[in-house]
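Subject: Handover of the structure

Dear colleague,

I am passing the structure below on to you, together with my notes on what was found in it. Please have it open while you read.

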Amino acid sequence: FFFLMIRRPPRSTQSRSSAASDVYKRQDVKLLSRKDMKSQAPSIISSREETNVLQRFVKSIGPKAFVCRTCWRRDKNAYAWIITNKRNYYDEDEAPEVKKYCTNTKEMGSCTIVHTHRGKYLEETVPYIINLLKYLEVNAQIYFDEMTCDFVKDESGNWWMINVKGFIVSDGCTINMRPITNFGEDDFRSDTKKALDQRKK
């Protein structure tokens, strides 16, 4: 299988409001084979001037790459954008593979985007966000009003959450940065029930 390498250059601005946008616009995405990853791993690990993220590539079902960008909102209806490449996986043009296998909304005219408040994709992806939010509530005591995540449906029909695009933390919520390690599944179920019961009270 393949990997995605996402390179994020250092910030060129100290402004908090523009820094995230600046980095997002300049990030570089590459499609790497196992061989490519092994040869480039030493330079990736040793680099201190850039942030590099390695992620397993998930090929979406169908002839074109697509992403379901789902937004969950507390006490409001969820909605989603279905972002689909115009290029086909098998187009015989000279475009780089990454442009065929990955969506890129920053490239004008490369994708179609459909906004929806209902449908199968939305119904299937929202529960994954809810499970993530429950885990964060129990283990980090962080509560959210909104969270937006990207999902890809693979060729076996399984959904993969590949990215958290953004979120809004609830007012008055203090973020506890303590690490969470070696948390057992049985303990998680027990603590989840306790936390939910306390919140209902």
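A nonpolar core, as the term is used here, is a set of buried Ala, Val, Leu, Ile, Met, Phe, Trp, Tyr and Cys residues that are joined through side-chain atoms within 4.5 Å. Please bear in mind throughout that this is a predicted model.

The core. The largest nonpolar core has 18 residues, and those with the most contacts inside it are Cys 68, Trp 72, Ile 129, Leu 133, Phe 144, Met 147 and Phe 151. At least two residues of this core are supplied by each of strand S4 (66-73), strand S5 (79-85), helix H4 (120-140) and strand S7 (144-153), and the largest share, six residues, comes from H4. In soluble globular proteins, nonpolar side chains tend to be buried together. Leaving aside residues up to four places away in sequence, Met 147 touches Thr 70, Cys 71, Trp 72, Ile 129, Leu 132, Leu 133, Leu 136, Val 164, Gly 166 and Phe 167.

A buried serine. Ser 60 is found in the loop between strand S3 (51-56) and S4, and it counts as buried because its relative accessibility is 2%, where buried means under 20%. A polar atom of the Ser 60 side chain lies 3.2 Å from the backbone nitrogen of Phe 66, while a polar contact of 2.7 Å joins the side chains of Ser 60 and Tyr 89. Apart from residues up to four places away in sequence, Ser 60 touches Ala 65, Phe 66, Tyr 89, Val 152, Lys 153, Asp 154 and Glu 155.

Backbone angles to check. Asp 75, in the loop between S4 and S5, has a positive phi of about 60° although it is not a glycine, and with 78% relative accessibility Asp 75 counts as exposed. Gln 141, placed in the loop between H4 and S7, is likewise not a glycine and has a positive phi of about 55°; Gln 141 is partly exposed, with a relative accessible area of 33%.

With kind regards

How values were computed:
Residues are numbered from 1 along each chain as its sequence is written. This is a predicted model: local features need pLDDT of at least 70, side-chain atom pairs count only at pLDDT 80 or more; totals for chains, interfaces and linings use all residues. Side-chain values use heavy atoms; hydrogens and water are left out. Buried means under 20% relative accessible area, exposed over 50%, partly exposed in between (1.4 Å probe, protein chains only). Helices (H or I, at least four residues) and strands (E, at least two) are DSSP runs, numbered from the N terminus. Contact means heavy atoms within 4.5 Å. A polar contact is a pair of N or O atoms within 3.5 Å; within protein, one must be able to donate a hydrogen and the other to accept it, and residues adjacent in sequence count only if both atoms are side-chain atoms.
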